[in-house]
Amino acid sequence: MLQKTKLYLILIILIFSSCSSVKIAKQDNSSIIAISATSTGLGSKGYGILITLENIDTKEMFKSKSLSPISSHSVIQNLSPGKYIVRKVEVPVGNFMYSNWSDSVKTFFGQINIAPNSKYYLGDFAGTRDVGKKNVLRLRIENQNIPEKLKEKIENDKTGWKDGEFIKLYPYEKEELLVY
């Protein structure tokens, strides 16, 4: 009976993990953009960051998807070439979802020019919530390198993204982005 229960538990975990992870696949002339974050606050830990990009010309919105439920990485796939801005940032920490869609987000990231067949990285952020600071989460670049797990997930034979280098888009290394 105990072995049967363990088998069911393993089966449920496998089904959940396979259904909830993002499948990366390159399409003709499109690009991919990725971002990473881990956060802490009030005894809670947060994994991940979600962004919403807006195409300046078409006003079309694109929301990133987390690579898995507890992944610190998220991606937007199949972006057409063009000019984009980051319209919104969302960061889950424990049971809270911090979000910022003010002009400060647009100013922080600036205009992003997406070229065809390119891989972009917005940064590996660390977020902290100071006690008594009106629920403000402070995000800053923690690491200058693209995390190996993210590179392995995107750059492999199955995805079509093996060729070319990531283009790093973070001149804002010493600045902080506030998310409320």
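**Figure 1. Two side chains meet: Ser102 and Asn100.** In this predicted model, the side chains of Ser102 and Asn100 are joined by a polar contact of 2.7 Å. Take a moment to find both partners. Asn100 belongs to strand 8, while Ser102 sits in the loop that runs between strand 8 (96–100) and helix 2 (103–109). Is Ser102 buried, partly exposed or exposed? Ser102 counts as partly exposed, because its relative accessibility is 34%. Asn100, by contrast, has a relative accessible area of 3%, so it is buried, given that buried means under 20%.

**Figure 2. Asn100 and the residues around it.** Now stay with Asn100 and look at what else its side chain reaches. Which backbone oxygen does the side chain of Asn100 reach? That oxygen belongs to Leu178, at 2.6 Å. Leaving out residues up to four places away in sequence, Asn100 touches Arg87, Lys88, Val89, Val105, Leu178, Val179 and Tyr180. Val179 turns up in the view of Ser102 too: the C-alpha atoms of Ser102 and Val179 are separated by 9.6 Å, although the two residues are 77 residues apart along the chain.

**Figure 3. Phe125 in the nonpolar core.** Here we move to another part of the picture. The largest nonpolar core holds 42 residues, and those that touch the most other members are Leu53, Val89, Phe109, Phe125, Leu139 and Ile154. Val89 is also one of the residues that Asn100 touches. Pick out Phe125 and follow its contacts: setting aside neighbours within four places in sequence, they include Ile35, Ala37, Phe108, Phe109, Leu139, Ile141 and Tyr172. Ser36, Thr38, Arg140 and Glu142 are in contact with Phe125 as well.

**Figure 4. Stepping back to the whole chain.** The protein chain contains three helices and 13 strands. How many of its 180 residues, as a percentage, count as buried? The share is 41%. Among contacts with a separation of 6 or more, 70% come from residues 24 or more positions apart. The chain exposes about 10500 Å², with carbon and sulfur atoms supplying 55% of that area.

**Figure 5. How confident is the prediction?** The average pLDDT of the protein chain is 86, and 86% of the residues score at least 70. Where is confidence lowest, and where is it highest? Helix 1 (residues 2–20) is lowest, at a mean of 54, and strand 3 (residues 50–55) is highest, at 98. Where pLDDT is low, the predicted coordinates should not be read in detail.

Notes. Residues numbered from 1 in each chain as written. Predicted model: local features only at pLDDT ≥ 70, side-chain atom pairs only at ≥ 80, totals over all residues. Heavy atoms only, no water. pLDDT = per-residue confidence, 0-100. Helix = DSSP H or I, 4+ residues; strand = E, 2+ residues; numbered from the N terminus. Buried < 20%, exposed > 50% of the residue type's maximum accessible area, 1.4 Å probe, protein only. Polar contact = N/O pair within 3.5 Å; in protein donor to acceptor, adjacent residues only side chain to side chain. Contact = heavy atoms within 4.5 Å. Areas by Shrake-Rupley, 256 points an atom, 1.4 Å probe, with all protein chains shown as cover. Core = buried A, V, L, I, M, F, W, Y, C linked by side-chain atoms within 4.5 Å.
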